[in-house]
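Here is a colleague's note for someone opening this structure for the first time. Please keep the model in view while reading the points.

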Amino acid sequence: MDRQLNILVIESDETRAHSVAEALASDGTCRVVILADTSGLGRRIAEMDPDVVLIDVAHASRDVIEEMAVATSPKERAVALFAPGGDTAFMRAAIEAGVSAYVAEDVRPEVLRPVIDLAIAQFATVRRLRLELEATRRALDERKVIDRAKGILMRARGLPEEEAYALLRKTAMDQKKKLAEVAAALVTAAGLLG
Amino acid sequence: MSIGTLRVAWVPLTDAAPVIIAREMGFAAAEGIALELVQARSWALLRDFLAAGAVEAAHMLAPMAVARAMGLLPSLPPVEALMVLSHGGQVIGASAALARDLPRLTDAAQAAGAIRSAAGPRLRIGVPFTFSTHALLMARWLGPGIEIRTVPPPQMAAALAGKEIDLFCVGEPWGTVAAEAGVGTILASGRSIWAAPPEKVLAARAGWAEARPEAAGALMRAVWRAGRWLDGRGNRGIAAEILSRPEYLGLPAETLEASLTDRTAFVLAPPPGPFFTFHDGAASFPWRSTGALIAAQLARRFDLPQEPAGRAGAAIFRTDLYRKHMRAAGADLPGASMKVEGTLAHPTAVASERGTMILAPDRFFDGWIFDPPVD
C-alpha cells in the first residue's frame with residue numbers, strides 16, 4: 001500500500017472500539033474511523049468511503065454490508081470480520097469454505113494488521129475472479145455474435161463458413177475495428193432489414 | 001434409531017417456529033435427534049455457519065438459497081432447499097407521514113398507485129435482506145424505480161422513525177413491534193400481493209442429505225410434524241408462549257400471538273386464508289417451479305439470462321428428497337413437481353398419491369402467471 005488505508009470500525013462498545021483503533025493506528029499506515037450507531041449504515045459507509053470495513057462477525061448489521069457487496073455497488077470494499085474471544089475453529093472452517101474475510105482473535109496490533117492485509121488480499125482475489133468471470137462471459141457473448149454474423153453472411157451471400165469468417169475478419173481489419181464490433185453491426189443491420 | 005446431535009441455525013423471527021417447535025414439542029427427539037438451535041442475528045452469519053459446517057441445516061430465506069445457486073452471493077459451498085418451512089408472514093408498513101397522505105386503500109393494485117403518488121419520485125423501502133421474498137414482493141408490487149434497502153428487522157422501527165425509509169416489508173414480529181412502538185402503520189399483508197408467498201426453506205449444504213440420508217430424513221420429518229402441529233387447531237397460542245421465551249425471541253407472547261392467530265389489523269384487507277401457513281395446502285412441498293419463479297425474478301432484477309437462472313433455481317428445490325423421506329411420515333405427495341404458479345383463485349384439489357391434496361390460492365395481485373420451463 002503506497003497510501004494510507006481508511007478503515008471503518010463498526011463497534012458500539014467504546015472501550016473495545018478504541019483499543020481496536022489504537023491497535024490499527026499504531027504503525028501509522030491506517031486512518032481509523034469508529035462508528036458506534038448503525039442507523040443509516042449503508043448511506044454512511046457510502047459517505048465515508050472506507051477501504052476496509054471491520055465488523056464483528058455476529059453483528060446484526062452485517063446484512064447491510066452484504067447488500068453493498070452485491071454487484072450493484074459502484075465501489076467494492078473489503079470486509080474484515082472480527083470475532084473477539086474468537087470461535088477460532090468456526091472461523092478457520094469459514095475461511096477454508098471461502099468466506100471472504102479474516103478474523104482477529106483479540107485486539108493485539110501484531111495480530112490485527114496482518115488480518116486486515118489478509119482481508120484485502122482475499123478481497124483482491126475475489127475481485128480478480130469476478131473480473132475474469134465477466135471477461136469469460138463477454139468472450140462467450142462475442143463468440144455468439146460472431147457466429148450469428150457468420151450465419152447471416154453464409155445465407156445472404158452463399159459463402160462457406162471459412163470464407164464468411166475471413167470476410168468478417170478482413171472488414172474488421174480494414175475498418176480498424178474489433179471483429180465482435182463488426183459482427184454486432186452486421187447482426188443489428190440484418191435485424192433492421194428483416 | 002439414534003441420529004445424535006443435529007445443529008440448525010435460525011434467525012429470530014416468528015417463522016422460525018417449525019424448527020423451534022420441532023425441538024420443544026419433542027418431534028425431533030421422537031426421530032432420535034438431539035436438536036441444537038444456533039441463533040444468528042444476520043443472514044450473512046447464518047450463511048457462514050452453514051458454509052463452515054458449524055450447523056447441518058438452517059432456517060433460510062428462500063431467495064437466498066436461489067441467489068447462491070445463481071452465483072449472486074459469495075462463492076461459498078452451494079446450498080439446497082430440503083423443504084419449505086413457511087408461506088406468508090410478511091408485513092408491509094408505512095411511516096406515519098406516508099400513511100397520512102394515503103387515500104382509502106381498496107385493493108392491492110390501487111394501493112400501489114396511491115403509495116407511488118403519495119411518496120413522490122423517491123420511494124425508499126426497508127427489507128430484511130437483498131435476497132428475500134420481501135424484496136421480490138416489493139419489486140413486483142411497486143417497482144421499478146423504487147429504492148430497496150437492507151435494514152436488520154429489529155431496526156426497522158428506528159429506520160422508519162429516523163426517516164431513513166418510507167415503507168417496509170418485514171417478517172413478523174418486527175412489523176407488529178414497529179406498530180406497537182407507534183412509528184409505523186401496518187398497511188398490508190404480503191399475501192395481498194401474492195396469495196401464497198413462500199418465505200423460508202430448510203436449507204442444507206448440497207450433498208449433505210445424500211451423505212447422511214437417515215439424519216436428513218429424520219430432520220425433515222420432525223420439522224414437517226412441527227409444521228402440521230402449528231397449523232393444527234388451537235396450537236398457535238402455545239407456539240407464541242414458547243417463542244416468547246428469552247432463549248428464542250424474548251418478546252411478550254401477545255406481540256407474537258397477534259399475527260400467529262390472524263388478529264393483525266391491516267388497512268388493506270388481505271385475501272381469505274391464514275397470515276402464516278406452515279403445513280396446509282402442501283405448503284412444505286418444495287415445488288421446483290417455486291425455485292424457478294424466484295430465480296426468474298432475481299434474473300430480471302440483476303439483468304441476468306433467464307433460462308440458466310430458472311434451471312439453477314429449480315434444481316435446488318429437492319422435490320426428490322421430499323418424496324423419498326416424507327412418504328413414510330404420511331405426507332401426501334403431488335403427482336407433479338412443477339406447477340404453473342399464480343393460477344389458483346380458490347382452494348383447488350390436485351392429483352396426489354393419497355388423493356387428499358388441496359392447494360391454497362396462489363394468485364398475484366396483478367394476475368401475473370409464471371409458467372415454468374419444462375425440465
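**Notes on the predicted model**

1. B:Asp303 sits in the loop between helix 14 and helix 15 of chain B. Helices (H or I, at least four residues) and strands (E, at least two) are DSSP runs, numbered from the N terminus. B:Asp303 has a positive phi of about 55 degrees, although it is not a glycine. Most residues other than glycine have a negative phi, and most peptide bonds are trans. B:Asp303 is exposed, with 8 other C-beta atoms within 10 Å.

2. A word on the source. This is a predicted model: local features need pLDDT of at least 70, side-chain atom pairs count only at pLDDT 80 or more, and totals for chains, interfaces and linings use all residues. Residues are numbered from 1 along each chain as its sequence is written, while chains are lettered from A and ligands numbered from 1 in the order in which they are written.

3. B:Asp262 also deserves a look. Its phi is positive, about 60 degrees, and it is not a glycine. B:Asp262 lies in the loop between helix 13 and strand 11 of chain B. B:Asp262 is partly exposed, with 13 other C-beta atoms within 10 Å.

4. Next, two peptide bonds. The bond from B:Gly143 to B:Pro144 is cis, with omega near 0 degrees. B:Pro144 is in the loop between helix 7 (133-142) and strand 7 (147-150) of chain B. B:Glu172 and B:Pro173 are also joined by a cis peptide bond, with omega about 10 degrees. B:Pro173 is placed in the loop between strand 8 and helix 9 (174-180) of chain B.

5. Is strand 8 of chain B enclosed or open? It is largely enclosed by the rest of the structure, because 5 of the 5 residues of this strand (167-171) are buried. B:Leu167, B:Cys169 and B:Gly171 cover one side, and B:Phe168 and B:Val170 the other. Strand 5 (residues 90-95) of chain B runs antiparallel to strand 8 of chain B, joined by 5 bridges. Two strands pair if DSSP finds at least two bridges between them. B:Gly93 stands opposite B:Phe168. Strand 6 (residues 124-127) of chain B pairs with strand 8 of chain B in the parallel sense, over 2 bridges. There, B:Ile125 stands opposite B:Leu167.

6. Chain B also holds an open sheet of 6 strands in the order 2-1-3-10-4-11, with mixed pairing. Strand 2 (33-39) and strand 11 (276-277) of chain B stand at the edges with a single partner strand each, so one side of each has no neighbour in the sheet. Strand 4 (residues 79-88) and strand 10 of chain B pair in the antiparallel sense over 7 bridges. In this pair, B:Ala81 stands opposite B:Ala203.

7. Chain B is divided into domain 1 (4-87 + 197-326) and domain 2 (90-192); such bounds come from an automatic or database domain assignment. The contact takes 31 residues from domain 1 of chain B and 27 residues from domain 2 of chain B. Two residues are in contact if their C-beta atoms, placed from the backbone, lie within 7 Å. On the domain 1 side, helix 4 (62-69), strand 10 (198-205), helix 13 (253-260) and helix 14 (288-301) of chain B each supply at least two residues. That side divides into 22 nonpolar, 6 polar and 3 charged residues. Ala, Val, Leu, Ile, Met, Phe, Trp, Tyr, Cys and Pro count as nonpolar, Asp, Glu, Lys and Arg as charged, and the others, Gly among them, as polar.

8. Last, helix 15 (residues 306-315) of chain B. B:Ala309, B:Gly310, B:Ala312, B:Gly313 and B:Ala314 are buried in this helix. The buried residues of helix 15 of chain B pack against helix 4 and helix 14 of chain B.

9. Chain A comes to 7 helices and 4 strands. From the N terminus, its elements run β-α-β-α-β-α-β-α-α-α-α. Buried residues make up 29% of the 194 residues in chain A.

How values were computed. A residue is buried if 20 or more other C-beta atoms lie within 10 Å of its own, exposed if 12 or fewer, and partly exposed in between; C-beta atoms are placed from the backbone.
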